[in-house]
Amino acid sequence: MQIGVIGLGRMGANISRRLMKAGHACVVYDAQAGAREALAKEGASAAASLADLVSKLGEKPRTAWVMLPAGAPTEETVAELARLLGAGDIVIDGGNSYYKDDVRRAKALAETGVRYVDCGTSGGVWGLERGYCLMIGGPKPAVDHLDPIFAALAPGLGDIPRTPGREHADPRAERGYIHAGPSGAGHFVKMVHNGVEYGLMQAYAEGFDIIRNRAAEGLPPGERFDINVADVAEVWRRGSVISSWLLDLGAAALAKDPDLEAYSGFVQDSGEGRWTVQAAIEEAVPADVLTTALYARFRSRLRHTFGEKLLSAMRFGFGGHQEEKGPVDEGAPAQGAEAADVATRRAGD
């Protein structure tokens, strides 16, 4: 199939590469000429503008995948694509948009006949190699038409043991992608995914912080243990009930830098943790762990523990997220609304 990809950052470029590797034709656009020229050297057709990208999409229905930070960049791009495309064409938002924005955009685009698909995309900088876990929302005919695209991006069955009892269930789920429901459903599931991610990361961070601080001088001498945290991370990866990819990333960071001196512990949030907590409030669902994990990220910008350094290391491991420059002294002022606005516009966890 032919598809336009807009936004060639950490994930957009690799999405294009994975699609081309599977035999799909990509027309690519990015505001940075160097980014689109680099993909052109690898076989993509580079476009000089959104209008140029649409003109190069000869296969009907024309399809454009937007991979930009949530907020104004995505909003403006989708609006322009709605003007450039026509009835039956498809716009996919593969970033970390707020699901309520998807519902609104889908309704607006439907008035022009353009179909809107939201795709929560997990995989970070490893997606090219591992594939992307995709949570998709939108009209069934559009999603079904795009199945070859989603199948190419998803990890496939791989070597994960198959779940007993799923013999008659939708086979797409065990291949790494699902049609979650109507417009907004995909990003809603991805939003909660990121909220859960916060909680898992926080649990690891606190656990390793407790282990590392067992050697503290304030403890009775006979109860002090100088435990190698890198070894703990490694042994937990093997046969433990708490093994996971996040633990793999933490173990790799600790093996390279046991004291995590390369990390300050300033941990940004993408905005989706906040949205998950807000959804829990709207639904009157208690979300103690996820809420506390979000607040821990806020606190990390005031003072930094070893656990917060591990949070930052894991976040860099899966998404390539660089630490923000921020206050490092205990008691430094919070960043407030300005930080919140920046956070919600990032490509996210």
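The exercises that follow look at aromatic rings in this predicted model.

**Exercise 1.** Classify the aromatic pair formed by Y98 and W275, and find which parts of the chain the pair ties together.

*Solution.* Start with the total: searching the whole structure gives seven aromatic pairs. For Y98 and W275, the ring centres are 4.8 Å apart and the planes make an angle of 35°. Stacked needs planes under 30 degrees apart and edge-to-face needs over 60, so this pair counts as tilted. Next, place the residues: Y98 is in the loop between β5 (90–93) and α5 (99–110), while W275 belongs to helix α12 (residues 272–283), so the contact ties together parts 177 residues apart in sequence. Finally, check accessibility: Y98 and W275 are both buried.

**Exercise 2.** Find which residues the ring pairs link into a cluster with Y98.

*Solution.* Follow the ring pairs from Y98: the cluster consists of Y98, Y99, F188 and W275.

**Exercise 3.** Describe the pair formed by Y295 and F298.

*Solution.* First the geometry: the pair is tilted, at 6.0 Å centre to centre with 45° between the planes. Then the setting: both residues sit in helix α13 (residues 288–300), three residues apart, so about one helical turn separates them. As for accessibility, F298 is partly exposed, with a relative accessible area of 30%.

Note on methods
Residues numbered from 1 in each chain as written. Predicted model: local features only at pLDDT ≥ 70, side-chain atom pairs only at ≥ 80, totals over all residues. Heavy atoms only, no water. Phe/Tyr/Trp six-rings, centres within 6.5 Å; stacked < 30°, edge-to-face > 60°. Helix = DSSP H or I, 4+ residues; strand = E, 2+ residues; numbered from the N terminus. Buried < 20%, exposed > 50% of the residue type's maximum accessible area, 1.4 Å probe, protein only.
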